[in-house]
Amino acid sequence: MSAAARRPGVLLLGWTGHSPKHLRKYGEAYESLGFRALEYSKHSWHLIGTSKAKEALYAREVLDIIRAERPLAVHAISNGGAWVLADALQLAIDEQREEEEEKEKEKEGGVAASSFSSSSSSSSS
């Protein structure tokens, strides 16, 4: 494993209207402290009046970064960064809830199937 891969990452989520070159300065500061800077700027001007589809895309991309990078700190700068992070975390919560509901349905389906087979085998005796 390379030294760069072992360094902790920091995901920088910039403020609304930021320029990537300004966010890069934060990245450089973190890199001087030994972090790998991951700068996310796609949302910069898109949060105000953007479509729900775009918001979902940004949330998915940020959540994928969070899940893939370990160890990782997140620095959400101002409202713009916080909104994107909040959307990503809500997406994670929604996905976990859906997984739990599916597991519960499978569990209930398995119970129903086993009670059906038990009752059908006892009635055929």
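**Entry 1: Lys52 and Glu55**

I began at lysine 52, which is exposed, with a relative accessible area of 67%. The model is predicted, and I read every value below with that in mind. I then looked for a charged partner. The side chain of lysine 52 meets that of glutamate 55 in a salt bridge, at 3.6 Å from N to O. Both residues sit in helix H3, 3 residues apart, about one turn of the helix. Is glutamate 55 buried or exposed? I noted a relative accessible area of 19% for glutamate 55, so the residue goes down as buried. The cut-off matters here, because buried means under 20%.

**Entry 2: Glu95 and its arginines**

Next I turned to glutamate 95. Which residue brings a nitrogen to 1.9 Å from an oxygen of glutamate 95? I found arginine 60, and the two form a salt bridge. Glutamate 95 belongs to helix H4 (residues 78–123) and arginine 60 to helix H3, so this pair ties together parts 35 residues apart in sequence. I looked up accessibility for both partners. Glutamate 95 is buried, at 18%. Arginine 60 is partly exposed, at 27%.

Glutamate 95 has another salt-bridge partner in arginine 67, with the closest N and O atoms 2.8 Å apart. Arginine 67 is also a residue of helix H3, so its pairing with glutamate 95 in helix H4 ties together parts 28 residues apart in sequence. I recorded arginine 67 as partly exposed, with a relative accessible area of 44%.

**Entry 3: Helix H3**

H3 has 17 residues. From its first C-alpha to its last, H3 reaches 24 Å, close to the 24 Å expected at 1.5 Å a residue. Which residues of H3 are buried? I wrote down Glu55, Tyr58, Ala59, Val62, Leu63 and Ile66. Seen down the helix axis, these buried residues fall within an arc of 130 degrees, so they line one face of H3. On the other side of H3, I found Ala53 and Ala68 exposed.

I moved back along the chain to lysine 42. Where does lysine 42 lie? I placed lysine 42 in the loop between strand S2 (36–40) and helix H3 (52–68). I put lysine 42 down as partly exposed, at 47% relative accessibility. Leaving aside neighbours within four places in sequence, I found lysine 42 in contact with Tyr58 and Glu61. Tyrosine 58 is 16 residues from lysine 42 along the chain, and their C-alpha atoms are separated by 7.4 Å. Tyr58 is also one of the buried residues of H3. With glutamate 61, lysine 42 makes a polar contact, side chain to side chain, at 3.0 Å.

What joins arginine 70 and proline 71? I found a cis peptide bond, with omega about -10 degrees. Proline 71 is in the loop between H3 and strand S3 (72–76).

Then I looked at serine 78. Its phi is near 60 degrees, a positive value in a residue other than glycine. Serine 78 lies in helix H4. I recorded serine 78 as partly exposed, at 49% relative accessibility.

**Entry 4: The whole chain**

Last, I looked up the overall values. How many helices and strands does the chain have? I have 4 helices and 3 strands down. Along the sequence they follow the pattern α-β-α-β-α-β-α. The chain has 125 residues, and buried residues make up 25% of them. Among contacts with a separation of 6 or more, 71% are between residues 24 or more positions apart. The chain exposes about 8,100 Å², and carbon and sulfur atoms supply 57% of that area.

How values were computed
Residues are numbered from 1 along each chain as its sequence is written. This is a predicted model: local features need pLDDT of at least 70, side-chain atom pairs count only at pLDDT 80 or more; totals for chains, interfaces and linings use all residues. Side-chain values use heavy atoms; hydrogens and water are left out. Helices (H or I, at least four residues) and strands (E, at least two) are DSSP runs, numbered from the N terminus. Buried means under 20% relative accessible area, exposed over 50%, partly exposed in between (1.4 Å probe, protein chains only). Contact means heavy atoms within 4.5 Å. A polar contact is a pair of N or O atoms within 3.5 Å; within protein, one must be able to donate a hydrogen and the other to accept it, and residues adjacent in sequence count only if both atoms are side-chain atoms. A salt bridge is a side-chain nitrogen of Lys or Arg within 4 Å of a carboxyl oxygen of Asp or Glu. Accessible areas come from the Shrake-Rupley method with a 1.4 Å probe; for residues, only the protein chains shown count as cover. The expected span of a helix is 1.5 Å times one less than its number of residues. The arc is that of the directions from the helix axis to the C-beta atoms.
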